[in-house]
Amino acid sequence: MNYDQWKLSNPVDDGYGYDMVSSCCGANLYNHDDTDECDICSNCDDECEPIEDYEYEAIRRENYLEERADARRKYGE
């Protein structure tokens, strides 16, 4: 990264731009070796796809709203 790119970059910009979390449970990721190819979930110790934290939160909210609507339809509330 040259000086101009550094000067114009976002202070939060760490290469990803946002915090990356696991797609399975939203936990932090780590690499068991020095390559960036294999991300391991710190919660379930499986290989997981990294997604941005705000994207994981949006998926959780959408699932919650869908489950809530299903319960209302089922129980007539």
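This note sets out numbered points on the predicted model shown above.

1. Overall architecture. The protein contains two helices and four strands. Followed along the sequence, these elements come in the order α-β-β-β-β-α. The strands discussed below are E1 (residues 20–22), E2 (29–30) and E3 (40–41), and E4 (50–52). The helix discussed below is H2 (residues 53–75).

2. Burial and surface. The protein has 77 residues, and 17% of them count as buried. As for contacts between residues at least 6 apart in sequence, 42% join residues at least 24 apart.

3. Ser22 in strand E1. Ser22 belongs to strand E1 and is buried, its relative accessible area being 0%. When neighbours within four places in sequence are set aside, the residues in contact with Ser22 are Ala27, Leu29, Cys41, Cys48, Glu49, Ile51 and Tyr56. Two of the residues on that list, Cys48 and Glu49, are taken up again below.

4. Glu49 sits in the loop that runs between E3 and strand E4. Is Glu49 buried or exposed? Glu49 is exposed, with a relative accessible area of 59%, whereas its contact Ser22 is buried at 0%. Apart from residues up to four places away in sequence, Glu49 touches Val21, Ser22 and Ser23. Between Glu49 and Leu29 there are 9.4 Å in space, C-alpha to C-alpha, and the two are 20 residues apart in sequence.

5. Cys24 and Cys48. How many disulfides does a search of the whole structure find? The search finds zero. Cys24 is accordingly in no disulfide, and the nearest cysteine sulfur to its own, that of Cys48, is 3.3 Å away. A disulfide is a covalent bond between the sulfur atoms of two cysteines.

6. Cys38. A further cysteine, Cys38, is located in the loop between strand E2 and strand E3. Cys38 is buried, and its relative accessible area is 11%. Leaving out residues up to four places away in sequence, Cys38 touches Tyr30, Asn31, His32 and Glu47. Cys38 is 10 residues from Cys48 in sequence, and the C-alpha atoms of the pair are 8.3 Å apart in space.

7. Helix H2. H2 has 23 residues, and the distance from its first C-alpha to its last is 33 Å. This is close to the expected 33 Å, calculated at 1.5 Å a residue. Just after H2 comes Gly76, which takes a positive phi of about 65°.

8. Salt bridge between Arg60 and Glu57. The structure holds two salt bridges. Side chains of opposite charge can pair when their charged atoms come close. In one of the two bridges, the side chains of Arg60 and Glu57 meet at 3.8 Å, N to O. Where do Arg60 and Glu57 lie? Both lie in helix H2, three residues apart, which is about one turn of the helix. Arg60 counts as partly exposed, at 46% relative accessibility, and Glu57 likewise counts as partly exposed, at 43%.

9. Salt bridge between Asp70 and Arg73. Asp70 also forms a salt bridge, with Arg73, and their closest N and O atoms are 2.2 Å apart. About one helical turn separates Asp70 and Arg73, because they are three residues apart in helix H2. Asp70 counts as partly exposed, at 36% relative accessibility, whereas Arg73 is exposed, with a relative accessible area of 59%.

Notes: Residues are numbered from 1 along each chain as its sequence is written. This is a predicted model: local features need pLDDT of at least 70, side-chain atom pairs count only at pLDDT 80 or more; totals for chains, interfaces and linings use all residues. Side-chain values use heavy atoms; hydrogens and water are left out. Buried means under 20% relative accessible area, exposed over 50%, partly exposed in between (1.4 Å probe, protein chains only). Contact means heavy atoms within 4.5 Å. A disulfide is a pair of cysteine sulfur atoms within 2.5 Å. A salt bridge is a side-chain nitrogen of Lys or Arg within 4 Å of a carboxyl oxygen of Asp or Glu. The expected span of a helix is 1.5 Å times one less than its number of residues.
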